[in-house]
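User: I would like to go through the labels used for this model and see what each one rests on. Please set the value against the cut-off each time.

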Amino acid sequence: MKVGDRVRVSTTVEVYHYPEHRGKPYNLEGKEGEIIAIVTEHQGRPVSANFPFLVQFEGKFRGHFRDGELTIVES
């Protein structure tokens, strides 16, 4: 996967910071978004992030994911 790829959340991922459901569990499985960054460094220093893929969904919602939680959506 690379920046710009369209992806779908392929496993159950519950978040508590989804805008319309703030503070309550919300399952992202099936949601589609675009990879906007792959976290490999922080402030110029290399890191081994547990959730390296930053995905932008509709609106202002973003989330960090592992490789196994996403699948590429074919155009």
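User: In which loop is Lys 31 found?

Analyst: This is a predicted model. Lys 31 sits in the loop that runs between β3 (26-27) and β4 (32-38).

User: Why is Lys 31 called buried?

Analyst: Its relative accessible area is 19%. Buried means under 20%, so Lys 31 is classed as buried.

User: What makes the pair of Lys 31 and Tyr 18 a polar contact?

Analyst: The two side chains make the contact at 3.1 Å, and the cut-off for such a pair of N or O atoms is within 3.5 Å. Beyond its neighbours within four places in sequence, Lys 31 is in contact with Val 7, Arg 8, Val 9, Tyr 18, Tyr 26, Phe 57 and Glu 58.

User: Why is the pair of Tyr 18 and Tyr 26 called stacked?

Analyst: The ring centres are 4.3 Å apart and the planes are at 20 degrees. Rings pair if their centres lie within 6.5 Å, and planes under 30 degrees apart count as stacked. Both values meet their limits, so Tyr 18 and Tyr 26 form a stacked pair. Both residues are buried.

User: How many aromatic pairs are found in the whole structure, and which residues do ring pairs link into a cluster?

Analyst: The search finds four aromatic pairs. The cluster linked by ring pairs consists of Tyr 18, Tyr 26, Phe 57, Phe 61 and Phe 65.

User: Where does Tyr 16 lie, and why is Tyr 16 called partly exposed?

Analyst: Tyr 16 lies in the loop between β2 (14-15) and β3. Its relative accessible area is 48%. Buried would need a value under 20% and exposed a value over 50%, so Tyr 16 is assigned to the class in between, partly exposed.

User: How far apart are Tyr 16 and Tyr 26 in space?

Analyst: The C-alpha to C-alpha distance is 6.3 Å, with 10 residues of separation in sequence. Leaving aside its neighbours within four places in sequence, Tyr 16 is in contact with His 21, Arg 22, Gly 23, Lys 24 and Pro 25.

User: What makes Asp 5 a buried residue?

Analyst: Asp 5 belongs to the segment before β1 (6-9). Its relative accessible area is 12%, against a limit of under 20%, so Asp 5 is buried. A polar atom of its side chain lies 3.0 Å from the backbone nitrogen of Lys 2. Outside the four neighbouring places in sequence, Asp 5 is in contact with Gly 33, Glu 34, Ile 35 and Ile 72.

User: How do you know that β1 and β4 pair?

Analyst: Two strands pair if there are at least two bridges between them. β1 and β4 have three bridges, in the antiparallel sense, with Arg 6 opposite Glu 34 in β4. Three bridges also join β1 to β9, again antiparallel, and there Arg 8 stands opposite Thr 71.

User: What makes β8 and β9 edge strands?

Analyst: The open sheet has five strands in the order β8-β7-β4-β1-β9, with antiparallel pairing. β8 (62-65) and β9 (70-72) each pair on one side only. For β8, four bridges join it to β7 (residues 53-56), and Arg 62 in β8 is the bridge partner of Gln 56.

User: Which residues have the most contacts inside the largest nonpolar core?

Analyst: That core has 14 residues, and those with the most contacts inside it are Val 9, Val 15, Leu 28, Val 55, Phe 65 and Leu 70. β1 and β7 are the elements that give two or more residues to this core.

User: Why is Gln 43 called exposed, and what is its phi?

Analyst: Its relative accessibility is 70%. Exposed means over 50%, so Gln 43 counts as exposed. Gln 43 is placed in the loop between β5 (41-42) and β6 (45-46). Its phi is positive, about 55 degrees, although it is not a glycine. Most residues other than glycine have a negative phi.

Technical notes: Residues are numbered from 1 along each chain as its sequence is written. This is a predicted model: local features need pLDDT of at least 70, side-chain atom pairs count only at pLDDT 80 or more; totals for chains, interfaces and linings use all residues. Side-chain values use heavy atoms; hydrogens and water are left out. Buried means under 20% relative accessible area, exposed over 50%, partly exposed in between (1.4 Å probe, protein chains only). A polar contact is a pair of N or O atoms within 3.5 Å; within protein, one must be able to donate a hydrogen and the other to accept it, and residues adjacent in sequence count only if both atoms are side-chain atoms. Contact means heavy atoms within 4.5 Å. A nonpolar core is a set of buried Ala, Val, Leu, Ile, Met, Phe, Trp, Tyr and Cys residues joined through side-chain atoms within 4.5 Å. Rings of Phe, Tyr and Trp (its six-membered ring) pair if their centres lie within 6.5 Å; planes under 30 degrees apart count as stacked, over 60 as edge-to-face and the rest as tilted.
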